[in-house]
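Reader: Hey, I've just opened this one and I'm a bit lost. Can you walk me through it?

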Amino acid sequence: MSIKTSEVDVLIIGAGISGIGAAYHLQKHCPTKSYAIIEARSEVGGTWDLFRYPGIRSDSDMFTFGFNFKPWRSPKAISPGQDIKHYISEAATENGIDKHIVFEHKVLAANWDSASAKWHTEIQNLKTGECCQYVSCFFFLVPVIITTIMVTPQILKALRIFQVK
Ligand SMILES: Cc1cc2nc3c(=O)[nH]c(=O)nc-3n(C[C@H](O)[C@H](O)[C@H](O)COP(=O)(O)OP(=O)(O)OC[C@H]3O[C@@H](n4cnc5c(N)ncnc54)[C@H](O)[C@@H]3O)c2cc1C
């Protein structure tokens, strides 16, 4: 059975602060490049969507933790988590990044194909269980702090080829 295959220039994993930031800079500096963000959750925000316990807040001040393209306007420099989630979500919407996000899809494996010189990424739709594939020139795994990440051994194996640390 053939699975649905989509092709983009850049595939970004995760719609947390890193993924939204990466998408912003990609579309600003490389406006002709196509991209998609694959996000396992149903909303933008990553860490700040996942953790909702009372009192959750940043440790850093938001004036430096925030995006360089979207000034932090709240007077609360150490911010409640829900305000950070709202800020990330707003940044995605304001810049049309939300239209590129494929929610409730999980990256299972990524393999470099030398013949086509492209990444072949296996993705599962978490609502239906169906699998699909994205083919891309670049594979961008952005989450910097592993709080919500679901990186499978197959993804790590693929990254080791390129000595990503
Ligand atoms: C309580 C708390 C306070 C913190 N305070 C600070 C702070 O003040 N300053 C600071 O620098 N850091 C702080 N951190 C760390 C914080 O997590 C990061 O700074 C930042 O939010 C990480 O963003 P990210 O986009 O890199 O990753 P994440 O927020 O982890 O987002 C990754 C996204 O990728 C998705 N994803 C992962 N694997 C897959 C997959 N296989 N397929 C599809 N989607 C996938 C996840 O669902 C998630 O949405 C804090 C963390 C916590 C929990």
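Reader: What's Gly 129 doing in the hairpin of β5 and β6?
Author: Gly 129 takes a positive phi near 85° there. That hairpin has five residues between its strands. Keep in mind that this is a predicted model.

Reader: Okay, and how do β5 and β6 run, parallel or antiparallel?
Author: They run antiparallel, with six bridges joining them.

Reader: What about the hairpin of β4 and β5, how many residues sit between the strands?
Author: Four, and among them you'll want to look at Ala 117, which has a positive phi near 55°.

Reader: And how many bridges join β4 to β5?
Author: Eight, and the two strands run antiparallel. Within that pairing, Val 107 stands opposite Ile 123 in β5.

Reader: Switching topic: what order do the strands take in the sheet?
Author: Going across, the order is β3-β2-β1-β6-β5-β4. It's an open sheet of six strands, and the pairing is mixed.

Reader: So which strands stand at the edges, and why does one side of each lack a neighbour?
Author: Those are β3 (101-102) and β4 (105-113). Each has a single partner strand, so one side of each has no neighbour in the sheet.

Reader: Where does the parallel part come in, which strands pair that way?
Author: Look at β1 (residues 5-13) and β6 (residues 131-141), which pair in the parallel sense over eight bridges.

Reader: Which residue in β6 does Val 10 face?
Author: Val 10 stands opposite Phe 138.

Note on methods
Residues numbered from 1 in each chain as written. Predicted model: local features only at pLDDT ≥ 70, side-chain atom pairs only at ≥ 80, totals over all residues. Pairing = 2+ DSSP bridges.
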